Amino acid sequence: MLTDKKYNVAIIDDDQLMRELLTDYLTSRFSGTVVTHYKTGEEALSENLKGQHLVLLDFHLSVNNHQGKNGLQVLKELCSTYIDLPVIVLSAQDNREIAMNIVKNGAWDYIIKNELAFDRLGIEVAKLMDRSDFESQHSDRVKFVRFSLVMATVLFFLLLSSKFM
């Protein structure tokens with residue numbers, strides 16, 4: 001796990017208390033965690049998030065700011081701009097369809113804000129830290145495997161399409 005390394009987390013939430021709770025939890029549970037806060041999706045999207053290892057995103061961002069982007073809109077932009085940046089969406093809505101839509105649009109996970117939220121968040125952050133640590137130790141191998149998978153997929157579809165011509 002990343003114990004002596006810096007682990008950058010961006011929190012995008014319009015609720016100051018939630019930002020503070022998440023920050024306190026992450027920094028006390030995971031040493032080396034550095035948190036950056038954003039009150040709106042627009043504020044976060046205007047920044048360069050390339051150095052972030054994780055984004056925690058509130059689903060209902062635009063509740064108080066009706067002109068602002070909601071969590072799904074921000075998620076889509078984050079995923080198209082930062083392809084490998086994991087985003088965990090947090091929401092008070094216990095709605096399976098919303099959760100499936102969020103994950104389908106690129107979220108690493110959808111966590112319901114309830115009594116189990118911090119336990120689930122801790123598990124997911126630990127997984128991501130392990131993954132990040134592994135990738136930094138084996139970055140050349142990981143890049144080669146990713147490239148190989150992409151090439152195999154392309155070849156598969158080329159072969160498949162040539163059968164139907």
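Okay, so a salt bridge here is a side-chain nitrogen of Lys or Arg within 4 Å of a carboxyl oxygen of Asp or Glu. Keep that cut-off in mind, and keep in mind too that this is a predicted model.

With that rule, the structure holds 5 salt bridges. Let me start with Lys 113 and Asp 58: their closest N and O atoms are 3.0 Å apart, so the pair passes the 4 Å cut-off. Now, where do these two sit? As for burial, Asp 58 is buried, with a relative accessible area of 5%, and Lys 113 is partly exposed at 27%.

Next one: Glu 77 and Lys 69. Here the closest N and O atoms are 2.2 Å apart. Glu 77 is partly exposed, at 30% relative accessible area, and Lys 69 is partly exposed as well, at 27%.

Then there's a pair inside a helix. Glu 124 and Lys 127 meet through their side chains in a salt bridge, 3.2 Å from N to O. They are 3 residues apart in helix H5, which means about one helical turn separates them. Glu 124 counts as buried, with 9% relative accessibility, and Lys 127 counts as partly exposed, with 43%. Back with Lys 113, salt bridges that share partners join it with Asp 58 and Asp 13 into one network.

So what about Asp 13, where is it found? It's in the loop between E1 and H1. Its relative accessibility is 1%, so Asp 13 counts as buried. If you leave aside neighbours within four places in sequence, Asp 13 is in contact with Met 18, Arg 19, Tyr 38, Lys 39, Asp 58, Leu 61 and Lys 113. Both of its network partners, Asp 58 and Lys 113, are on that list.

How many of the residues of E1 are buried? It's 6 of the 6 in residues 7–12, so E1 is largely enclosed by the rest of the structure. Tyr 7, Val 9 and Ile 11 point one way from E1, Asn 8, Ala 10 and Ile 12 point the other way, and all are buried.

What does E1 pair with? With strand E2, residues 33–38, there are 6 bridges in the parallel sense. The chain gets from E1 to E2 by way of helix H1, residues 16–29, and this β-α-β crossover is right-handed. E1 also runs parallel to strand E3, residues 54–58, joined to it by 4 bridges. Val 9 is a handy residue to look at if you have the model open: its bridge partner in E2 is Val 35, and its bridge partner in E3 is Leu 54.

As a general point, nonpolar side chains tend to be buried together in soluble globular proteins. In this model, the largest nonpolar core has 22 residues, and the members touching the most others are Ile 12, Val 55, Leu 57, Leu 75, Leu 78, Val 89 and Ile 102. The elements giving two or more residues to this core are E1, E3, helix H3 (71–81), strand E4 (87–91) and helix H4 (96–104). H3 gives the most, with 4 residues. Apart from this core lies another one, of 20 residues, including Tyr 7, Ile 11, Leu 54 and Ile 88.

Beyond its neighbours within four places in sequence, Val 89 is in contact with Leu 57, Phe 59, Leu 75, Ile 102, Ala 107, Asp 109, Tyr 110 and Ile 111.

Tyr 25 and Phe 118 form it, 5.0 Å centre to centre with 55 degrees between the planes, and it's tilted. Tyr 25 lies in helix H1 and Phe 118 in helix H5, residues 117–137, so the pair ties together parts that are 93 residues apart in sequence. Tyr 25 counts as buried, at 17% relative accessibility, whereas Phe 118 counts as partly exposed, at 28%.

Terms used:
Residues numbered from 1 in each chain as written. Predicted model: local features only at pLDDT ≥ 70, side-chain atom pairs only at ≥ 80, totals over all residues. Heavy atoms only, no water. Buried < 20%, exposed > 50% of the residue type's maximum accessible area, 1.4 Å probe, protein only. Pairing = 2+ DSSP bridges. Right-handed = clockwise from strand over helix to strand, strands pointing away. Phe/Tyr/Trp six-rings, centres within 6.5 Å; stacked < 30°, edge-to-face > 60°. Contact = heavy atoms within 4.5 Å. Core = buried A, V, L, I, M, F, W, Y, C linked by side-chain atoms within 4.5 Å.
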